[in-house]
Amino acid sequence: MKTVSRTRRKSALFEKDPDVLPFFSIHPKTKMGTIIRVAMSVFCVLALILALLMKQGIMFMFFQKYSFLLYLVPLAGMVLLICLALFKRMKTMFMKIGLPGVILFMSFAVFMTFGSMMSYTTNLSLIPKMGLENDGKNVVIMRACAEPDGTEYVVNENGVEIPQYPVSVDAFVYTVRVPEAVEGMSYTIEGEIKVPSDERTQFEVKEEWLDDNTLRVYLAKDTSGEGTGEIRVTFSEGETTPASPDPTDSQIYRNSFEKNGKKVNLYRENSQIHSTVDSIMYMEEGDFKQYLFAYPRTMFAFVKLNTKTEGAIIIEPHGALEAIHWEWIEEGKVARLTPSENSVDVSGSITIFFDETVDPKDISEIENGAQ
């Protein structure tokens, strides 16, 4: 009876299967392997073509936004090929499904995390924001984000510089009014309460009469940790103080507090809380300073980066660009783009020379050109 050594049994996983060719060859007997390899080859050829076009000054509009796929797709293809090869080499169905399944699950989790982070980061680079057309001339407005003014860098306990980006968070502001004068009593109102209005934030505003003449309104619960302030209303004997002015249209009635003939109404309105964060992952597009550039569009989804342009339209953090006005300086040849008058915190202009070309620009050159 022939015996098989223990070492031999252990190495069975790595034995060469005569029906399986090397990982990266075209496998004529495995359709899935062939599909994966062909897809990887096509993707790499397309990426090479796009890179060569960019060298000539023609860029695919979404190249920057999805540039992380240049790393993710080949890595995903390699993982799939490895799992396919392991599947072919396993001796039992349990191992055929179990081992490649574990590898695929772990790889999927890593790729999803990597893809999400890279997608957010590259989305702040040069990407298309809108298209414009005038007299047959098609232009793509490209947007790039930059650090907002007021960004500071602090050194932590490890001697590493940490950025502090200024951000604004949507919030509720609570204030009070005394709707009716109390004969022979004056009153003072101090403070306000601000709390983030994000739907994930849970908070509770409560009242407490410290004595017959002093009302305190405070945040009893705030899961965000960003809420601030409290309100105090103090009544005292003396000259009768008239009722508070009527609330504005933006102030919404929330509650009333009464004691011994003294009544206080609570109101809420929308506002913002100014804060800082140490990572761009906590920021939204509106928190960044945005630069808009313009380039002629060609072949539907490509832009001509070698066209001469000057200037940029700058949108300050939380600014609002309502529209872009197109003005011909030289009919059909030179155009100036400016923000509409009803835009908020928007400045600058873009001049496009349709018939003039320059050396192809590097993307980082474009993003930093107006800064």
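Predicted model: local features only at pLDDT ≥ 70, side-chain atom pairs only at ≥ 80, totals over all residues.

Trainee: How many helices and strands does the chain have?

Mentor: The chain has five helices and 18 strands. Of its 371 residues, 36% count as buried.

Trainee: Which share of the contacts between residues at least 6 apart in sequence joins residues at least 24 apart?

Mentor: That share is 64%. As for the surface, the chain exposes about 22100 Å², and 55% of that area is supplied by carbon and sulfur atoms.

Trainee: How does one look for pockets?

Mentor: Rolling a probe the size of a water molecule over the atoms shows where empty space is left. In this model the largest pocket holds about 650 Å³ of space. Its lining is made up of 19 residues, and those closest to the centre are Val-169, Asp-198, Arg-200, Tyr-282 and Glu-284.

Trainee: Which elements give two or more residues to the lining of the largest pocket?

Mentor: They are strand E5 (161-177) and strand E12 (262-277). E5 gives the most, with four residues. By class, the lining of the largest pocket divides into five nonpolar, eight polar and six charged residues.

Trainee: What is the volume of the second largest pocket, and which elements give two or more residues to its lining?

Mentor: The volume of the second largest pocket is about 200 Å³. Its lining includes Phe-43, Leu-46, Phe-60, Tyr-66, Ser-67 and Leu-70. Helix H2 (31-55) and helix H3 (69-89) are the elements that give two or more residues to this lining, and H2 gives the most, with five. The classes here are 11 nonpolar, one polar and no charged residues.

Trainee: Which residues of H3 are buried, and what covers them?

Mentor: The buried residues of H3 are Leu-72, Pro-74, Gly-77, Val-79, Leu-81, Cys-83, Leu-84, Ala-85, Leu-86 and Arg-89. Their cover includes H2 and helix H4 (93-122).

Trainee: Let us turn to single residues. Is Tyr-174 buried or exposed?

Mentor: Tyr-174, which lies in strand E5, counts as buried because its relative accessibility is 4%, and the cut-off for burial is under 20%. Leaving aside neighbours within four places in sequence, Tyr-174 is in contact with residues including Glu-192, Ile-193, Phe-203, Ile-231, Arg-254 and Leu-266.

Trainee: Why does Ser-186 count as buried?

Mentor: Ser-186 counts as buried because its relative accessibility is 19%, and burial requires a value under 20%. This serine is found in strand E6 (residues 185-190). Apart from neighbours within four places in sequence, Ser-186 is in contact with Thr-234, Phe-235, Ser-236, Glu-239 and Thr-241.

Trainee: Where is Glu-284 found, and is this residue buried or exposed?

Mentor: Glu-284 is found in the loop between E12 and strand E13 (289-298). With a relative accessible area of 61%, Glu-284 is exposed. Glu-284 is also among the residues closest to the centre of the largest pocket, as is Val-169. The C-alpha atoms of Glu-284 and Val-169 are separated by 9.8 Å, while the two residues are 115 apart along the chain.

Trainee: Finally, what can be said of the backbone angle phi in His-318 and Asp-345?

Mentor: In His-318, phi is near 65 degrees, a positive value in a residue other than glycine. His-318 is in strand E15 (residues 307-320) and is partly exposed, with a relative accessible area of 36%. Asp-345 has a positive phi of about 55 degrees, although it is not a glycine. Its place is in strand E18 (residues 344-357), and Asp-345 is partly exposed at a relative accessible area of 48%.

Definitions and conventions: Residues numbered from 1 in each chain as written. Heavy atoms only, no water. Buried < 20%, exposed > 50% of the residue type's maximum accessible area, 1.4 Å probe, protein only. Contact = heavy atoms within 4.5 Å. Areas by Shrake-Rupley, 256 points an atom, 1.4 Å probe, with all protein chains shown as cover. 1 Å grid on protein atoms, 1.4 Å probe; cavity = no way out; pocket = protein on both sides within 12 Å on 5 of 7 lines; lining within 4 Å. Points joined across faces, edges and corners; volume = space filled by probe spheres on them. Nonpolar A, V, L, I, M, F, W, Y, C, P; charged D, E, K, R; others polar.
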